[in-house]
2 protein chains.
Amino acid sequence: MKIAEVAQQFDISSDTLRYYERIGLLRPVARNASGIREYGESDLARIEFIKCLRGAGVSIEALTAYMRLLDEGDGTLAERKAILEQQRGLIQQRIDEMQAGLARLDYKIAHYEDLIVATEQKMQQ
Amino acid sequence: MKIAEVAQQFDISSDTLRYYERIGLLRPVARNASGIREYGESDLARIEFIKCLRGAGVSIEALTAYMRLLDEGDGTLAERKAILEQQRGLIQQRIDEMQAGLARLDYKIAHYEDLIVATEQKMQQ
DNA sequence: ATATCCCTTGGAGTGCACTCTAAGTCAAGG
DNA sequence: CCTTGACTTAGAGTGCACTCCAAGGGATAT
């Protein structure tokens, strides 16, 4: 699979895919005879995982650390699990903060509904 | 209330508070005879609101637009409500994405638990 | 053969939201 | 009187995560 196809499939720009590779988030991708990237199954799986966790707000740094350990093999299982658990905690914290914001907005919006009704009634007098 | 006290109360740096004022997110704060900022009740209320929504990921731009309308008065009620509703939607979307990431991590973490147990058992043979 | 198009690279530029620096002012304490 | 420490300003710098640019290579379509 060439870079543009991968980009389309995951809705990630080609630039971003090359960037991920350059900073070591993706392993060097195989090339064809013309030097063009040919993404394989395992690349796609990693990209999908990265996309999911980036979408959840996990940092490039954490993801890179995880991927590096993944390449190092079985000896890093516990360390990898620790990273995932830490990131899980961070995501949960952020969700909690967002839920608080959401609740606040809901309260405000309800208040605005009342205010707008009141203002409209005043207009009619 | 002086800037350092406000900063401590809301866990926002003095730099950030001055920055918010400079970009028009906060109205110009009253000064004492020496030119030092004296934050009033309404400033504090706005800062608290800003802190809550920034924490939820609402952009400076959206908050600034909202605050500007707030200063313009009652005629902007509907417009303000629209901003809040839009931001509510954005927050909800981001929460959904994060929930997906969380689910993915939970799955992975459970998988790692199994893998680590398996690896330890292999070691003992 | 020439145009089109996607690919390549290294490096520069962008947007957001701060965060810091330098140089200076002012009130209070020793 | 002098030091200390919190405050002031304009403007520069930072970190993150892309995003774009210029210049060039190679396969395909007319």
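A:Glu48 and B:Arg104 join through their side chains in a salt bridge (2.6 Å, N to O), a term for a side-chain nitrogen of Lys or Arg within 4 Å of a carboxyl oxygen of Asp or Glu. The model is predicted: local features need pLDDT of at least 70 and side-chain atom pairs pLDDT 80 or more, while totals for chains, interfaces and linings use all residues. Side-chain values use heavy atoms, without hydrogens and water.

**Interface between chains A and B**

- Six salt bridges are counted between chain A and chain B.
- The contact (heavy atoms within 4.5 Å) draws 36 residues from chain A and 36 residues from chain B.
- About 3,500 Å² is buried between the two chains, 72% of it on carbon and sulfur atoms; buried area is the accessible area (1.4 Å probe) lost on putting two parts together, summed over both.
- A:Met98, A:Leu105 and A:Tyr112 supply 20% of the area that chain A buries against chain B, more than any other three residues.

**DNA strand D**

- Of the 18 residues around DNA strand D (a heavy atom within 4 Å), those that come nearest are A:Tyr20, A:Arg54, B:Arg18, B:Arg31 and B:Arg37.
- A phosphate oxygen of DNA strand D lies 2.8 Å from a side-chain N or O atom of B:Arg18, and one is 2.9 Å from a polar side-chain atom of B:Arg31.

Notes
Residues numbered from 1 in each chain as written. Chains lettered and ligands numbered in written order. Polar contact = N/O pair within 3.5 Å; in protein donor to acceptor, adjacent residues only side chain to side chain.
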